[in-house]
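Have a look at the sequence and structure first.

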Amino acid sequence: MPAHDDRPSPQLPAIDPDVSAAQTLPGRFYGDPAMFALQRDRVFARSWQLVGDAGQLAAGEPAGAGGAGAAAGGAGAAPGSAPPSAPAADRQGFAHPFTLLEGCLDEPLLLTRDRDSALHCLSNVCTHRGNLVVNEPSAARALRCRYHGRRFELDGRHLASPHFEGAQRFPSPTDDLPRVPLGQWGPLLFASLDPAVAFEAWSEPLRTWMSVLPPQQLSFDPTTSRDYEVRANWALYCDNYMEGFHIPFVHPELAAALDWRGYRTELLPLGTLQIGVAAADEPAFDLPAAHPHRGQSIAAYYLWLFPNLMLNLYPWGLSINVVRPLAVDRTRISFRSYVADPTRRGQGAGGDLHQVELQDETVVESVQRGVRSRLYHRGRYAPSQEAGVHHFHRLLLAAMGSEPSPRKE
């Protein structure tokens with residue numbers, strides 16, 4: 001479990017549970033370094049984060065961990081390894097180092113696939129003197145620290161340590177590389193240092209709503225996958241995502257593809273689902289007979305999972321946004337595209353995501369400047385339009401106010 005800051009926690013604002021009576025988060029919330037530090041410890045260190053792609057790890061390619069994954073695909077053998085039918089002693093695994101939420105958590109981790117094809121997420125810090133164990137993605141039968149030669153199995157178990165013959169009560173479980181909880185949906189891998197909720201509970205909306213685009217149909221598109229840096233607090237970016245209220249004012253092209261009168265938000269225990277109805281003659285999903293929205297012309301589903309994962313489903317495929325805090329007023333947005341039907345690219349609500357992102361950045365950066373005003377305190381929620389923003393704020397404050405896990409000594 002991660003270490004925690006011993007400084008007193010800042011006083012958190014209160015949000016009325018009744019959206020019609022509630023006030024929004026105060027402007028100072030988005031620029032307070034103490035709030036940002038508390039979020040790092042109690043929100044992000046305890047949340048599930050997208051870290052890589054199982055298909056690429058199987059193929060021995062960079063897993064995209066830290067960049068939110070890459071190509072979907074099936075299992076394969078790492079370069080130079082024996083085929084899966086070979087004896088385990090002749091097979092190689094694979095190790096891929098990455099940094100969990102670089103700029104925020106900065107935790108050195110490792111994705112490994114062992115010789116039995118099992119996936120693991122481990123600390124990448126040697127339990128002897130703290131050296132990084134693996135520096136580059138590579139095929140491997142075991143892990144060896146280059147500092148003093150300590151060796152580990154690909155599942156993290158301690159194998160050997162040179163010159164420790166006289167050490168008492170050695171080795172012990174603390175000499176193993178710590179294992180980090182790992183979850184998987186389709187090709188996508190998620191890790192959490194100290195999960196506040198079980199992966200099955202957190203990811204349940206993926207299994208429910210992603211059924212319109214089964215993962216085996218998705219193919220990664222590197223040409224439309226990129227990162228953006230936004231000069232704003234990460235939570236302001238999420239605030240903007242949580243409502244369609246701004247679409248007619250900020251996104252004229254997107255507004256033309258949607259019947260905004262039918263736009264609606266459903267609140268989930270650990271997220272939100274926004275449903276965009278297609279305007280006349282605009283592309284829509286071919287929904288299966290048993291789908292709850294069968295008969296409706298749905299242009300897009302916008303699924304957000306707490307705290308920072310956005311999955312945007314369009315008739316052409318899936319666009320993933322991972323919101324990565326870098327500083328109290330700076331955020332990296334990682335876009336990753338997975339295509340199911342390339343003939344529908346460039347059409348409808350998901351037609352020009354780059355333009356939509358630039359429009360969102362402009363308004364979010366403007367809000368970041370505005371909330372610093374000495375004359376602004378806090379606003380009100382539009383009950384019919386901003387229930388998702390209200391829900392996000394209450395989830396965020398609840399996580400920030402929760403008791404941290406015990407310090408690991």
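Two cavities of 30 Å³ or more turn up here, a cavity being a set of points on a 1 Å grid over the protein atoms alone where a 1.4 Å probe fits but cannot get out. Their volumes are the space filled by probe spheres set on the points, with grid points joined across faces, edges and corners. Keep in mind that this is a predicted model: local features need pLDDT of at least 70 and side-chain atom pairs count only at pLDDT 80 or more, while totals for chains, interfaces and linings use all residues. Residues are numbered from 1 along each chain as its sequence is written, and side-chain values use heavy atoms, leaving out hydrogens and water.

**The largest cavity**
- About 310 Å³ of space sits in the largest cavity.
- Two or more lining residues come from each of α5, β15 (309-314), β16 (317-327) and α8; helices (H or I, at least four residues) and strands (E, at least two) are DSSP runs numbered from the N terminus.
- Helix α8 gives the most to this lining, with four residues.
- By class, the lining splits into eleven nonpolar, eight polar and three charged residues. Here Ala, Val, Leu, Ile, Met, Phe, Trp, Tyr, Cys and Pro count as nonpolar, Asp, Glu, Lys and Arg as charged, and the others, Gly among them, as polar.

**The second largest cavity**
- This one has a volume of about 40 Å³.
- Among its lining residues are P283, Y314, W316 and R344.
- Six of the lining residues are nonpolar, three polar and one charged.

**The largest pocket**
- A pocket is an open set of points with protein on both sides within 12 Å along at least five of seven lines; the largest has a volume of about 420 Å³.
- It is lined by 21 residues, with L236, D239, E243, V367 and E386 nearest its centre.
- At least two lining residues each come from α5, α8 and α9 (387-401).
- The lining has twelve nonpolar, five polar and four charged residues.

**Helices α5 and α8**
- The axes (lines fitted to C-alpha atoms over the stretch in contact, with angles from 0 to 180 degrees between N-to-C directions) of α5 (residues 234-241) and α8 (residues 353-370) come within 10 Å and cross at roughly 125 degrees.
- The contact (heavy atoms within 4.5 Å) involves L236, Y237 and N240 of α5, and E357, D360, V363, V364, V367 and Q368 of α8.
- Those contact residues divide into five nonpolar, two polar and two charged.

How values were computed. 1 Å grid on protein atoms, 1.4 Å probe; cavity = no way out; pocket = protein on both sides within 12 Å on 5 of 7 lines; lining within 4 Å.
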